[in-house]
Amino acid sequence: VGGFTDSEGLVLSYGIETLQILRNGDALAGSVINTISPAADGINDSGQIAYEAFLSDGSEVIGRFDLTTDRRWDERGSGLWSTDGNWPGDVEPNSFTDVFLTPDGGATITGDFQNTYAKSLTVGSLLSGQTVLNLNSGGDRESLGEIVVNGRGKIEVGRDRILTAPTLLNNGQLTGDGQIN
């Protein structure tokens with residue numbers, strides 16, 4: 001998965017959806033894009049795609065598209081947090097992303113043996129079932145912003161695990177014998 005060009009612009013596709021990044025004819029830097037191409041191979045670990053655009057006024061722009069504003073758990077069901085394929089664009093969340101574990105139906109997202117960070121975290125199914133963030137097998141979770149557990153959400157904080165956030169709004173379930181900071 002990565003950025004690629006079609007005949008009209010730069011798009012990102014990961015099998016479920018295609019995201020238009022920039023297209024020929026789009027306004028950019030006070031001009032209009034004539035042609036655009038990725039300036040590097042694919043997406044880096046921070047969810048960024050570098051691009052090079054040639055504009056109608058003769059100028060050239062090298063820019064960066066950030067894919068990391070938010071990460072929503074894919075609708076494919078349960079899985080491991082650290083599996084890139086469970087996240088849109090195959091990019092795992094980081095401390096710059098708002099994370100939404102909010103599939104339409106229930107799912108269990110299992111933490112791995114690594115610590116992870118998010119800008120904020122929301123857990124809970126939107127329509128039916130329950131979404132569970134299982135932190136029993138390893139790795140702590142830290143949110144730099146608030147954590148919200150909605151009515152169809154549950155966070156299990158296992159022994160010796162730590163869940164950290166400046167604010168926790170719990171309208172669902174919070175269980176386990178781990179530590180909450």
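Guide: Two strands are said to pair if DSSP finds at least two bridges between them. Strands (E, at least two residues) and helices (H or I, at least four residues) are DSSP runs, numbered from the N terminus. This is a predicted model, in which local features need pLDDT of at least 70 and side-chain atom pairs count only at pLDDT 80 or more, while totals for chains, interfaces and linings use all residues. Residues are numbered from 1 along each chain as its sequence is written, and side-chain values use heavy atoms, with hydrogens and water left out.

Visitor: How many helices and strands does the chain have?

Guide: The chain has 0 helices and 21 strands.

Visitor: What makes β14 and β17 a pair?

Guide: At least two bridges are required, and β14 and β17 share 5 bridges in the parallel sense, so the term applies. Within this pairing, Thr 131 has Gly 153 of β17 as its bridge partner. β17 also pairs with β20 (residues 173-175), again in the parallel sense, over 3 bridges. There, Ile 155 stands opposite Leu 174.

Visitor: Why is β17 called mostly covered?

Guide: A residue is buried when its relative accessible area is under 20%, exposed when over 50%, and partly exposed in between (1.4 Å probe, protein chains only). In β17, 5 of its 5 residues are buried. One side carries Gly 153, Ile 155 and Val 157, the other Lys 154 and Glu 156, and both faces are covered. Of the 181 residues of the chain, 44% count as buried.

Visitor: What makes a set of residues a nonpolar core?

Guide: The members must be buried Ala, Val, Leu, Ile, Met, Phe, Trp, Tyr or Cys residues joined through side-chain atoms within 4.5 Å. The largest such core has 18 residues, and those with the most contacts inside it are Trp 81, Leu 101, Leu 121, Leu 133 and Ile 155. Among the elements giving two or more residues to this core are β10 (98-101), β14 (131-135) and β17 (153-157). A second, separate core of 14 residues includes Leu 12, Ile 33, Ile 49 and Ala 53.

Visitor: Which residues does Leu 101 touch beyond its sequence neighbours?

Guide: Contact means heavy atoms within 4.5 Å. Leaving out residues up to four places away in sequence, Leu 101 touches, among others, Trp 73, Trp 81, Trp 87, Ile 109 and Leu 133. In the chain, residues 24 or more positions apart account for 38% of the contacts with a separation of 6 or more.
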